[in-house]
Structure formats: C-alpha cells, structure tokens
Amino acid sequence: MALSSHNVEAEEIVSRIQNGDSAGMEDLYSALWRVAKPKLSRTVDSQLVEDKFHDVVVTVLEAIRSGTLREPSRLMGFAQTVTRRRVAAHIRRRISNRRRLVPMGPSEFPGPSASIPEAASLETERLNALRGAIRLLRERDREILVRFYFKEQAPQ
C-alpha cells in the first residue's frame, strides 16, 4: 500500500515513528492530509478544518507511540476511523448547540384560548388599556396611529 509520493508503507511509517524518526512523522502527516482533509473539508466548518486535522494527527500519533495501534499495516483505516469519529463528535456538538441556542418565536408559545373566560377577560382589559393610551395622545398622533396601523393606509 503506497502512502506517500516516496511509496513508503504504513508499517515503515509506524516503525520509524516508534523509533523517534522525524521523517516518519512527516510521512504520516502528508499521508493523513490526503486521507483526512477531504472528509473534514466536506463536513466541518472551513475555519476548523486544520484544527480538527491536527486533532486527528495527535490521536494517531498517540496510538502509534503508546502501542495501541495493534496492526501497523492498517494505519490508514485507523486514521479514517479516527477522522469519522471526530466529524461525528463535531456534528453532535453542533446539533446540541443548535438545539440549545435556537430562539423560540412568539408563534411557538401557546396563546390563551378564546374559550377560556379568564383569557377573554384579560384580552378585554388589554384592549381597554390600549384605547385609553390612544385617547391620551394628541389628535394628530392618534390619527397617524389609527390610519397607519389599524386601517393600514399608506404614509402619504
């Protein structure tokens, strides 16, 4: 399986990283860039692609260094799985944030039912208070409000 332009195999990359060879890390980085970046670019906000990519690199490097990557020949499959999990976590966070932060509009709140006597009484009180406030306005202001808002006439 060719991973980079130098046809370096996954097992060689893993071996070199475990031996502390920085060229192995460079090969891993470029191989992961080709595998993870397209997936991240399609699913993560463009300003977060590099951050998420570096999360994937760090996770894969930690797995290699700690020996939890049991089969070095499956390095790229492991990297793809890590990438998919990072994307899924990102999407879950976005959905959760959207649910918590979406404002509810007034139409989403149930209004008082007209069949309830208390609701009808409250509506009557509200209308009487509004009429009283309108009566306190100067005649010209009252006429503008009535024409523009109630009769929906043009400003001219």
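1. **Confidence.** Please keep in mind that this is a predicted model. The mean pLDDT of the chain is 82, and 85% of the residues reach at least 70. The stretch to read with care is residues 1–8, where the pLDDT is below 50. Beyond near neighbours in sequence, those residues still make 18 contacts in the model. Among the elements, helix α3 (residues 49–66) has the highest mean pLDDT, at 92, while helix α6 (residues 139–150) has the lowest, at 81.

2. **Length of helix α2.** Does the span of this helix agree or disagree with its residue count? Helix α2 covers residues 22–43, which is 22 residues, and at 1.5 Å a residue it should span 32 Å. Its end C-alpha atoms lie 30 Å apart, so the two values agree.

3. **The kink and the start of α2.** You will find a kink of about 35° at A36, shortly before the proline P38. At the start of the helix, a side-chain oxygen of D21 comes to within 3.0 Å of the backbone nitrogen of A23.

4. **What α2 buries.** The buried residues of this helix are G24, D27, L28, A31, L32, A36 and L40.

5. The model has six salt bridges. One of them pairs D27 with R16, with the closest N and O atoms 2.1 Å apart. This pair links distant parts of the chain, since D27 sits in helix α2 and R16 in helix α1, eleven residues apart. R16, at 23%, counts as partly exposed.

6. **A salt bridge within a helix.** E123 pairs with R126, and their closest N and O atoms are 3.0 Å apart. Both residues lie in helix α5 (residues 117–135), three residues apart, which is about one turn of the helix. An α-helix has 3.6 residues a turn, so residues three or four places apart point the same way. E123 is partly exposed because its relative accessibility is 35%.

7. **One more pair.** R74 and E71 also meet through their side chains in a salt bridge, at 3.0 Å from N to O. R74 is exposed, with a relative accessible area of 55%, whereas E71 is partly exposed at 42%.

Conventions
Residues numbered from 1 in each chain as written. Predicted model: local features only at pLDDT ≥ 70, side-chain atom pairs only at ≥ 80, totals over all residues. Heavy atoms only, no water. pLDDT = per-residue confidence, 0-100. Helix = DSSP H or I, 4+ residues; strand = E, 2+ residues; numbered from the N terminus. Contact = heavy atoms within 4.5 Å. Expected span 1.5 Å × (residues − 1). Bend = angle between axes of the 7 residues up to and from the residue. Buried < 20%, exposed > 50% of the residue type's maximum accessible area, 1.4 Å probe, protein only. Polar contact = N/O pair within 3.5 Å; in protein donor to acceptor, adjacent residues only side chain to side chain. Salt bridge = Lys/Arg side-chain N within 4 Å of Asp/Glu carboxyl O.
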